[in-house]
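Here is a short briefing for a first look. Please keep the sequence and the 3D view open while you read.

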Amino acid sequence: MGNAVIWKPSPSAVYSNYIIFKILLEAGLPPGVINFVPADGPKFGSVITREPTLAGINYTGSTQVFKILLKAIAQNMDLYNTYPRIVGECGGKNYHFVHPSANTADVALATLRSAFEYTGQKCSACSRLYVPASLWPKIRDMLVELMSKVKVGSPLEKDTFTSAVIDSNAFKKISGYIEYAKGCNDLQLIAGGGCDDSVGYYIQPTLYKTNDPRNKLMLDDIFGPVLTAFVYDDNKLDATMDLVDNTSVYGLTGSVFAQDEEFIAKFADRMIDTVGNLYINTQSTGSVVGNQPFGGARLSGTNDKAGGPHYILRFASPIAIKIQRGPLSSWKQIHMR
C-alpha cells in the first residue's frame, strides 16, 4: 500500500471529478498522494504505459480502449520494475429474462428503471429483454403506459425521471441506432424514438421489438435509453437461455424474473458465465458499495468486484515475514535426526 495515484478524469466529467478531488484535499488528504491530471486520453495512455514505475491501472471505460492499454502494457513489459496490476470495468449488454411464471408488474417496473434511469448511461443498464409470448402483450402494454408517464427534462426539476445524454458524441451514437432502426424490417418501434439536440442532447426512452435475436440492437453496447425485446416461444426455455448466453461478448449483469423457484435455481446454474452480478426478480442495476460487490467478466472487465472486501488487495503487494525465536541447533534436516 502507499502508492501515489494519478487520477485522469473522463473528458465528459472533469469538473465533477475535480470537485471530489478538492473535497478529499479539504478533508485532509496529503498533497501528492492523489494527483488530478486531466489529459488527452491516447497521449496519457502512451505516457503511463512507458513509465518503468507503473504499478497498476484502475480503468473504467470502453472495452476498445481497455484492449489498447493491455496491448501497450504487454509491448512495454521489459520496461517495468514490477508487473502492473490491471483492473478494468468496461461495457455491458445486460439482459432481463422473463419466465412464464413471472409477475408482470414487477417485470415492467424493474425494466423501466433499469433501462431508462440515468438515460441508460449505466454499464449495468438493461438493453436486452427476453419475454415469453404468453406474457408479451401484457408486459408490452405496461411498459408503454409507464414510459408515457415518465418525464424527460432538466435534472434540476424534481419530477424529472431522466435527462439528456452526456454529450454530443453520445447523442450522435445513440440517435444513429434509432435512425438505423427506421430502415430495419426486423425491428418494430413500440414506444419512444424521438431525438432532439436543440436545447440539450435529449433522447426519448425507446422500446423496440425484434424478430431477429441477433440484430445489432441486441449485440452492441449502445449506452443509452434504447431497449430491445425479443419474444420467445414459451416451450423454448432452454434454447432461449442458450441464445442469451451466446448473443453477447459481455458478461456484466442480468436479471431473471420467475415465481418458479426450481427454474430460478436452474437459470442461475446455467447462466453463471453470462454475468458478474445476477439479480432475481429485480432490476439489473443498483449495486451498493459494501453490500453488492460489482463487476463482470468476458469483455465486461476483469471482475475484481469493486465495492467488495477484496478489491483493495488488487493494489497491494503482501509481504509474509517469518521470525526464528530460538537458536538454530543443527544443520540436519528433520528426517535425518
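What follows covers the domains, the interface between them, and the spaces inside and on the protein.

The model is predicted. Its protein chain is assigned two domains, domain 1 (5–90 + 294–315) and domain 2 (95–280). Between them lies an interface of about 1,100 Å² of buried area. There is also one cavity of 30 Å³ or more.

**Domains**

- Domain 1 is made of two stretches of the chain, 5–90 and 294–315.
- Domain 2 runs over 95–280.
- The centres of the two domains, taken over C-alpha atoms, are 30 Å apart.

**Where the domains meet**

- Domain 1 brings twelve residues to the contact, and domain 2 brings 15 residues.
- Carbon and sulfur atoms give 49% of the area buried between domain 1 and domain 2.
- On the side of domain 1, S12, F294 and R298 lose the most area to domain 2. Together these residues make up 55% of what that side buries.
- Two salt bridges cross the interface of domain 1 and domain 2.
- Ten residue pairs are in polar contact across this interface, counting pairs with both residues at pLDDT 80 or more.
- The side of domain 1 that touches domain 2 has six polar, four nonpolar and two charged residues.

**A salt bridge at R298**

- R298 is among the residues of domain 1 that lose the most area to domain 2.
- The R298 side chain also forms a salt bridge with the side chain of D245. The distance there is 2.4 Å, N to O.

**The cavity**

- The largest cavity holds about 80 Å³ of space.
- Its lining consists of 14 residues. G92, A125, S127, D221 and F223 lie nearest the centre of the cavity.
- By class, five of the lining residues are nonpolar, five are polar and four are charged.

**The second largest pocket**

- This pocket has a volume of about 240 Å³.
- Residues lining the second largest pocket include R113, E117, Y118, T119 and Q121. The lining also includes P155, E157, T160, F161, T162, S163 and A164.
- The pocket lining has five polar, four nonpolar and three charged residues.

Key: Residues numbered from 1 in each chain as written. Predicted model: local features only at pLDDT ≥ 70, side-chain atom pairs only at ≥ 80, totals over all residues. Heavy atoms only, no water. 1 Å grid on protein atoms, 1.4 Å probe; cavity = no way out; pocket = protein on both sides within 12 Å on 5 of 7 lines; lining within 4 Å. Points joined across faces, edges and corners; volume = space filled by probe spheres on them. Nonpolar A, V, L, I, M, F, W, Y, C, P; charged D, E, K, R; others polar. Domains from an automatic or database assignment. Contact = heavy atoms within 4.5 Å. Buried area = accessible area lost by both parts, 1.4 Å probe. Salt bridge = Lys/Arg side-chain N within 4 Å of Asp/Glu carboxyl O. Polar contact = N/O pair within 3.5 Å; in protein donor to acceptor, adjacent residues only side chain to side chain.
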